[in-house]
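Trainee: Could you walk me through how to read a few features of this model?
Mentor: Gladly; let's look together.

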Amino acid sequence: MDRIPILKMGDCLLVTIQVDMHDELAMSLQEDLTAQIAKYASRGVLIDISSLEIVDSFIGRMLANIAAMSRVLDAQTVLTGMQPAVAITLVELGMSLPGIRTALNVERGMALLQEFIGDEVESDQGDDTEE
Amino acid sequence: MGTKWSQTKVTTLKSETFPIVTSDDVVKVRQAARMWAAELKFSLVDQTKFVTATSELARNTLEHGGGGLMTAEVVENGLRKGIRLTFTDSGPGIANIELALKDGYSTGGGMGLGLSGSKRLVNEFYINSELGRGTVVTIIRWK
């Protein structure tokens, strides 16, 4: 069965959902992601959904689950890149995804994660360290 | 597909039936819904709403109805065109439709937004269910 790749970037995990997921694929992402958080002791998870054309209640629930599970595993989740039409539809559907932090794009999402983690994800080239 | 309810009188211009047996079929029917909506030049937001409603109802057919069919039709009521989708299953049926249409009511593992949510995403919504015989849900989204 195919799987959605999870990239490790320093303290964070990066997921870009680029395919129209069937339900089992969404479930396996949930499992893979929590396993990887535990394995790498990741502090942040960024999920980019800019190429997702719809988010229905199932995918919405999966995203909310991932955020909740990550939190329990001491990692923060940021959801990035939601298309405006998807946002409109989700809210009308009755899901406003409370409890999930969002950012407009990957860049801002990464910045947000860094803020939470208070640490650098980029390797050695960081110019300022706060701690 | 016959209609037992007092729906808007429409003429069918094109019709196609899709099976809903696996979760891959759910992906396929929402891709078909997307294609048909794009062909009728629905706006992007309308396409997204329509495809999302399709996804919810197709999943219902699969999860609660034990699989079934979706019939898609391009329909016309004299003034405008739209797409009518009919989801048919021969599952256990819904005991209390009013309750099933309430936000947050769920018998599956979902959030209970499938029926109530998809109703908000379309222009017309009809449901007919008989215990032990199955459920038929029909939606229309007008352009």
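Trainee: How many residues of chain A are in contact with chain B?
Mentor: First, the ground rules: this is a predicted model, where local features need pLDDT of at least 70, side-chain atom pairs count only at pLDDT 80 or more, and totals for chains, interfaces and linings use all residues. Residues are numbered from 1 along each chain as its sequence is written, while chains are lettered from A and ligands numbered from 1 in the order in which they are written. Two residues are in contact if their C-beta atoms, placed from the backbone, lie within 7 Å. Here, 18 residues of chain A touch 24 residues of chain B.

Trainee: Which helices of chain A supply at least two residues each to that side?
Mentor: They are H1 (23-40), H2 and H3, with helices being DSSP runs of H or I, at least four residues, and strands runs of E, at least two, numbered from the N terminus. H3(A) gives the largest share, six residues.

Trainee: What should I know about phi?
Mentor: Most residues other than glycine have a negative phi. Asp74(A), not a glycine, has a positive phi of about 65 degrees. Asp74(A) sits in the loop between helix H2 (57-72) and strand S4 (76-80) of chain A.

Trainee: Is Asp74(A) buried or exposed?
Mentor: Count other C-beta atoms within 10 Å of its own, placed from the backbone: 20 or more is buried, 12 or fewer exposed, in between partly exposed. Asp74(A) has 11, so it is exposed.

Trainee: Where is Leu97(A)?
Mentor: Leu97(A) lies in the loop between helix H3 (84-93) and strand S5 (101-103) of chain A. Its phi is positive too, near 50 degrees, and with 18 such atoms Leu97(A) is partly exposed.
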